[in-house]
Amino acid sequence: QIGYAGSYDEALSLIDPNSPDIRLLDVQLPDRRGVELLRVVRKRYPATTVIMISNQSDDSYRSVCATLGAIRFLDKSSEFEEIPELIQSLL
């Protein structure tokens with residue numbers, strides 16, 4: 001199942017705690033930072049696999065996201081096409 005959330009709260013409401021999922025989180029959400037959401041998701045739902053995506057791909061974002069538990073960080077402008085293969089490898 002594929003879903004889309006347009007905000008921090010909407011994203012949290014879509015996570016099913018009884019079902020491990022793969023989540024793509026953008027570093028920048030309209031109402032909060034995606035890094036904050038990553039922190040909450042990893043704490044509340046440790047079985048959820050998180051891949052961070054962003055156009056802001058400097059090393060500081062990559063490092064923070066890795067430290068917080070994202071399994072990958074993809075630059076939307078140059079690595080976006082890797083998403084389908086990465087997800088398939090995780091299933």
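1. Overall architecture. The protein chain contains four helices and three strands. The model is a predicted one.

2. Dimensions. Taken along the principal axes, the C-alpha atoms of the protein chain fill a box of roughly 35 × 30 × 25 Å. A compact globule of 91 residues would have a radius of gyration near 12 Å, and the protein chain, with 12 Å, agrees with that expectation.

3. Surface and contacts. The protein chain has an accessible surface of about 5700 Å², and carbon and sulfur atoms account for 49% of that surface. Of its 91 residues, 34% count as buried. Among contacts between residues at least 6 apart in sequence, 50% join residues at least 24 apart.

4. The largest nonpolar core. Which residues touch the most other members of this core? They are Leu12, Val27, Leu37, Leu38, Met52 and Cys65, out of 19 residues in the core. At least two residues of this core come from each of α1 (8–14), α2 (34–44), β2 (49–54) and α3 (59–67). The element that gives the most is α2, with five residues. In soluble globular proteins, nonpolar side chains tend to be buried together.

5. Helix α2. The buried residues of α2 are Gly34, Val35, Leu37, Leu38, Val40 and Val41.

6. Val27 and a second core. Leaving aside residues up to four places away in sequence, Val27 touches Arg33, Gly34, Val35, Met52, Ile53, Ser54, Tyr61, Cys65 and Phe73. There is also a second, separate core of five residues, and its members include Ile53, Leu74, Ile83 and Leu86.

7. Salt bridges in total. How many salt bridges does a search of the whole structure find? The search finds four.

8. Asp21 and Arg23. The side chains of Asp21 and Arg23 meet in a salt bridge, with an N to O distance of 3.0 Å. Asp21 has a relative accessible area of 22% and is therefore partly exposed.

9. Asp26 and Lys76. In the salt bridge between Asp26 and Lys76, the closest N and O atoms are 2.5 Å apart. This pair links distant parts of the chain, 50 residues apart: Asp26 lies in strand β1 (residues 22–26), while Lys76 lies in the loop between β3 (72–75) and α4 (83–90). Is Asp26 buried or exposed? Asp26 is buried, because its relative accessible area is 18% and the cut-off for a buried residue is under 20%. Lys76, by contrast, is partly exposed, with a relative accessible area of 28%.

10. Arg72 and Glu82. A salt bridge also joins the side chains of Arg72 and Glu82, at 3.1 Å from N to O. This pair, too, links distant parts of the chain: Arg72 belongs to strand β3 and Glu82 to the loop between β3 and α4, 10 residues apart. Arg72 is partly exposed, with a relative accessible area of 32%. Glu82 likewise counts as partly exposed, at 31% relative accessibility.

Note on methods. Residues are numbered from 1 along each chain as its sequence is written. This is a predicted model: local features need pLDDT of at least 70, side-chain atom pairs count only at pLDDT 80 or more; totals for chains, interfaces and linings use all residues. Side-chain values use heavy atoms; hydrogens and water are left out. A nonpolar core is a set of buried Ala, Val, Leu, Ile, Met, Phe, Trp, Tyr and Cys residues joined through side-chain atoms within 4.5 Å. Buried means under 20% relative accessible area, exposed over 50%, partly exposed in between (1.4 Å probe, protein chains only). Contact means heavy atoms within 4.5 Å. The radius of gyration is taken over C-alpha atoms; the globule rule is 2.2 Å times the number of residues to the power 0.38. Accessible areas come from the Shrake-Rupley method with a 1.4 Å probe; for residues, only the protein chains shown count as cover.
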